[in-house]
Amino acid sequence: MPVNMKRMIAKELFSLIEEKGLDKLNVQMLATQCGISRQAFYYHFKDIGDVIDWSCQEAMTDLGKKAERCSDPAKALQLYLDMARSHRHLMNRFCESIHYRAFEHLICHYTSLFLEQTLEGRWPEHLDDKDRQEQFLDFYGPALFLHTLKVSQQPHFDTKKDAQSLAHLFLKLN
């Protein structure tokens, strides 16, 4: 039951964010929207940021499971780009928020984890040690997030083509 309650709270939070923006929300508004008490909210989450973190973790875990089934890194990257594109309005709301830096840090972290998972067992030769892989992820995780923010706003964007270019870039670096 708690996971279903967590999902319901997260779903309502994102509806409110799209409607009102993040900066105008508080726990009481969210609890009222969910039809629960503040105490029920605090049983599941410590604050609104915790809901966002949990939701991102859940989304990236689900995305990672789908990406694991992809034999081609480009297809895994396309899943990421498609997900970002489908949530572009919500991402815009986060970008408009005074909490943007925290959101950016969170998404960069999860994007780096996604890249690491996607490239597991496929690292190019020159990135065969953990230190180089960590440097790669520290640089390209945030770069992929910022690239995704930019391209997801374009009205006619080919995620398949972009994913193929990115996979080529990531795997052919030397």
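Predicted model: local features only at pLDDT ≥ 70, side-chain atom pairs only at ≥ 80, totals over all residues.
Student: What share of the contacts with a separation of 6 or more joins residues 24 or more positions apart?

Tutor: That share is 72%.

Student: How do I read a nonpolar core, and which residues touch the most other members here?

Tutor: Here is the general idea: in soluble globular proteins, nonpolar side chains tend to be buried together. In this structure the largest nonpolar core has 55 residues, and Ile9, Leu13, Ile52 and Leu77 touch the most other members. At least two core residues come from each of these helices: H1 (2-20), H2 (27-34), H4 (48-68), H5 (73-86), H6, H7, H8 (130-151) and H9 (159-172). The largest share, 9 residues, is supplied by H7.

Student: Let me look at one core member. Which residues is leucine 77 in contact with, leaving aside neighbours within four places in sequence?

Tutor: Look for Phe114, Leu115, Leu144, Ala163, Leu166, Ala167 and Phe170 around leucine 77.

Student: Now for a pair of helices. At what angle do H4 and H5 pack?

Tutor: Their angle is about 145 degrees, and the axes lie 9 Å apart. The crossing of H4 and H5 is right-handed. On the H4 side, the contact is made by Ala59, Met60, Leu63, Lys66 and Ala67, while H5 brings Ala76, Leu79, Tyr80 and Met83. Sorted by class, this contact has 8 nonpolar, no polar and 1 charged residues.

Student: What about charges: how many salt bridges does the structure hold?

Tutor: The idea behind them is that side chains of opposite charge can pair when their charged atoms come close. This structure holds 5 salt bridges. One of them joins arginine 101 to glutamate 104, at 2.6 Å from N to O.

Student: Why are arginine 101 and glutamate 104 separated by about one helical turn?

Tutor: Because they are 3 residues apart in helix H7. Their surroundings are worth a look too. Arginine 101 counts as exposed, at 61% relative accessibility, whereas glutamate 104 is buried, at 14%.

Student: Which other pairs could I find?

Tutor: Among them is lysine 20 with glutamate 19, whose closest N and O atoms are 3.8 Å apart. Lysine 20 is partly exposed at 34% relative accessibility, and glutamate 19 is exposed at 54%. Another salt bridge links the side chains of arginine 132 and aspartate 129, at 3.8 Å from N to O. In that pair, arginine 132 has a relative accessible area of 42% and is partly exposed; aspartate 129 is also partly exposed, at 30%.

Student: Finally, a loop residue. Is serine 97 buried or exposed?

Tutor: To decide, compare its relative accessible area with the cut-off: buried means under 20%. Serine 97 has 7%, so this residue is buried. You will find serine 97 in the loop between helix H6 (88-96) and helix H7 (100-119). Leaving aside neighbours within four places in sequence, serine 97 is in contact with Leu22 and Asp23.

Notes: Residues numbered from 1 in each chain as written. Heavy atoms only, no water. Helix = DSSP H or I, 4+ residues; strand = E, 2+ residues; numbered from the N terminus. Buried < 20%, exposed > 50% of the residue type's maximum accessible area, 1.4 Å probe, protein only. Contact = heavy atoms within 4.5 Å. Core = buried A, V, L, I, M, F, W, Y, C linked by side-chain atoms within 4.5 Å. Salt bridge = Lys/Arg side-chain N within 4 Å of Asp/Glu carboxyl O. Axes fitted to C-alpha atoms, helices over the stretch in contact; angles between N-to-C directions. Left-handed = near helix turned anticlockwise from the far one by under 90°. Nonpolar A, V, L, I, M, F, W, Y, C, P; charged D, E, K, R; others polar.
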